[in-house]
Amino acid sequence: MSWLLLVLAGLFEIGWAIGLKYTEGFTRPLPTVLTVGAMAISLGLLGLAMRSLPVGTAYAVWVGIGAAGTVLLGILLLNEPATIARMVSVLLILAGVIGLKLAH
């Protein structure tokens, strides 16, 4: 159950990271409210997951999911470049997340 909470926390981290772009410096009310809500949910779920997962593992997996997902959505939604170096880097992040899960 902790791993499921951690994955959900990572997905909400992607949501708030992308949401920051749409807030336009917190000047747009609806994107700002949604982004802050996603932040709260993400941190809350991370805290619940850390009840039974090691802090280093949980935090690294949370950041990894958030970072990889944010890069991919940046490419898909915001027309950011999808260079070979970026894609290899995302694969390395995902390999690290999988490695931490397997090492647990």
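Let's start with Val-7, which sits in helix α1. A note on naming: helices (H or I, at least four residues) are DSSP runs, numbered from the N terminus. This is a predicted model, where local features need pLDDT of at least 70, side-chain atom pairs count only at pLDDT 80 or more, and totals for chains, interfaces and linings use all residues. Residues are numbered from 1 along each chain as its sequence is written, and side-chain values use heavy atoms, with hydrogens and water left out.

Back to Val-7. Its relative accessible area is 36%, so Val-7 is partly exposed. The scale runs like this: buried is under 20% relative accessible area, exposed is over 50%, and partly exposed is in between, with a 1.4 Å probe and protein chains only.

Val-7 belongs to a nonpolar surface patch, together with Met-1, Leu-4, Leu-8, Leu-11, Phe-12 and Ile-41. Their accessible area together is about 640 Å². That area comes from the Shrake-Rupley method with a 1.4 Å probe, and only the protein chains shown count as cover for residues. Patch members have over 30% relative accessible area and no salt bridge; nonpolar side chains (Val, Leu, Ile, Met, Phe, Trp, Tyr) are joined within 5 Å, like charges within 9 Å. Which helix gives the most to the patch? Helix α1, residues 2–23, with five residues.

Next, the salt bridges. The rule is a side-chain nitrogen of Lys or Arg within 4 Å of a carboxyl oxygen of Asp or Glu. That gives two. Arg-28 pairs with Glu-24, with the closest N and O atoms 3.9 Å apart. Arg-28 is partly exposed, at 35% relative accessibility. Glu-80 pairs with Arg-86 at 3.5 Å, N to O. Glu-80 is partly exposed at 30%, and Arg-86 is partly exposed at 25%.

Now the backbone. Most residues other than glycine have a negative phi. Phe-26 is not a glycine, yet its phi is positive, about 65°. Phe-26 lies in the loop between α1 and α2 (29–49). Asn-79 is not a glycine either, and has a positive phi of about 55°. Where is Asn-79? In the loop between α3 and α4. Is Asn-79 buried or exposed? Exposed, at 69% relative accessibility.

Last, the helices on either side of that loop. The axes of α3 (residues 55–78) and α4 (residues 84–103) come within 9 Å and cross at roughly 155°. Therefore α3 and α4 are roughly antiparallel to each other, the cut-off being over 145 degrees.

Conventions: Helix = DSSP H or I, 4+ residues; strand = E, 2+ residues; numbered from the N terminus. Axes fitted to C-alpha atoms, helices over the stretch in contact; angles between N-to-C directions. Parallel < 35°, antiparallel > 145°, perpendicular 65-115°, else oblique.
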